[in-house]
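Subject: A structure to look at, with notes

Dear colleague,

I am handing over a structure for you to open beside this email, and after it you will find my notes on what was found. Please read them slowly, with the structure in view.

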Amino acid sequence: MNIFLTETGRWGKMFFFPSLPERIRVKSSTNYQTYDILSMGSIKIPQGMEATTVAWDGVFFGEAKKRESIVKYWIKPSECEKRLRHWQENGTVLRLMVTETNINMDVTISSFICEEAGAFGNKEYSLEFSRYKYLKVYTTDELKIAEFVKKIKTRPAPAAPAEPDNRGDYTVKSGDTLWGIAKTYYGDGMQWQKIYDTNSSVIESTASRYRGGRGSDNGHWIYPGTVLTIPN
């Protein structure tokens with residue numbers, strides 16, 4: 001199981017949680033309106049769902065603990081805190097995905113507590129997300145203002161120049177990892193998932209050939225000679 005946070009939008013940054021919590025709490029509640037009826041007493045009528053929340057407690061391990069088996073990819077605890085705090089303070093909409101579960105939704109960080117713990121440079125944290133609800137966009141016909149809009153003359157904005165679809169191809173060499181390749185191309189190893197998603201078919205087929213059908217373990221196993229497309 002892995003936990004990812006990705007900024008929504010085409011060029012969103014990604015955060016990979018370097019270690020997993022013991023448990024994840026998901027809460028969905030119905031919102032009720034209460035009425036007092038003389039002949040029936042107090043009754044509750046459902047009025048939609050409250051926002052779903054996802055929460056857990058975890059540890060960002062210090063450098064002295066970075067080789068522990070529970071640590072998948074070590075990142076400085078201060079960097080983890082900085083990234084999450086930035087997203088919380090800016091109200092950034094994020095895609096939260098927990099592999100091997102049904103948690104895959106757009107969220108914002110509603111609560112984040114992080115504090116120093118122990119003598120190894122660890123940071124213990126508590127994190128809660130609220131599901132993000134998008135506003136409905138109405139058409140001019142729905143708002144009955146179509147005729148009014150037609151009378152407004154606007155100059156069309158110049159079309160933005162088309163960007164290339166990718167940054168070219170890269171041939172995997174001995175000792176390469178997706179993390180290292182992402183670090184080279186984006187300056188951020190946590191962007192490795194973007195490369196994997198673009199090249200999942202060739203990565204998985206190559207890994208299955210070398211590993212007897214067992215696949216790449218989500219991009220962990222890549223092999224020299226594999227040609228990868230590097231997306232923007």
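Predicted model: local features only at pLDDT ≥ 70, side-chain atom pairs only at ≥ 80, totals over all residues.

Residues are numbered from 1 along each chain as its sequence is written, and side-chain values use heavy atoms, with hydrogens and water left out.

Which residues of α1 are buried? They are P77, C80, E81, R83, L84 and W87, where buried means under 20% relative accessible area, exposed means over 50%, and partly exposed lies in between (1.4 Å probe, protein chains only). Seen down the axis of α1, these buried residues fall within an arc of 165°, so they line one face of the helix; the arc is that of the directions from the helix axis to the C-beta atoms. The face of α1 turned away from the buried side carries the exposed residues K82 and E89. The cover over the buried residues of α1 includes β1 (3–7), β2 (14–16), β6 (53–60), β7 (94–98), β8 (104–117) and β9 (122–131), and cover of this kind is judged by contact, meaning heavy atoms within 4.5 Å. After α1 comes G91, whose phi is positive, near 60°.

In α4, the buried residues are L178, I181, A182 and Y186. Seen down the axis of α4, they fall within an arc of 105°, so they line one face of the helix. Among the elements that cover them are β10 (166–171), α5 and β11 (227–231). α4 is followed by G187, whose phi is positive, near 75°.

Pocket and cavity

Rolling a probe the size of a water molecule over the atoms shows where empty space is left. On a 1 Å grid over the protein atoms alone, a cavity is a set of points where a 1.4 Å probe fits but cannot get out, whereas a pocket is an open set with protein on both sides within 12 Å along at least five of seven lines, and lining residues have an atom within 4 Å of a point. Grid points are joined across faces, edges and corners, and a volume is the space filled by probe spheres set on the points.

The largest pocket has a volume of about 320 Å³. Of the 14 residues that line this pocket, the closest to its centre are I75, E79, R83, D188 and M190. The elements that give two or more residues to the lining are α1 and α4 (178–186), and α1 gives the most, with five residues.

How many cavities of 30 Å³ or more are there? The count comes to one cavity. The largest cavity holds about 40 Å³ of space, and its lining consists of P18, S19, F60, F61, V71, W74 and I75.

E63 has its place in the loop between β6 and α1, and with a relative accessible area of 52% E63 is exposed. Leaving out residues up to four places away in sequence, E63 touches W74 and F120. E63 and I75 are twelve residues apart in sequence and 8.5 Å apart in space, C-alpha to C-alpha.

R131, found in strand β9, counts as partly exposed at 43% relative accessibility. Leaving aside neighbours within four places in sequence, R131 is in contact with A51, T52, M105, D106 and V107.

The protein as a whole

There are five helices and eleven strands in the protein, and buried residues make up 35% of its 232 residues.

Notes:
Helix = DSSP H or I, 4+ residues; strand = E, 2+ residues; numbered from the N terminus.
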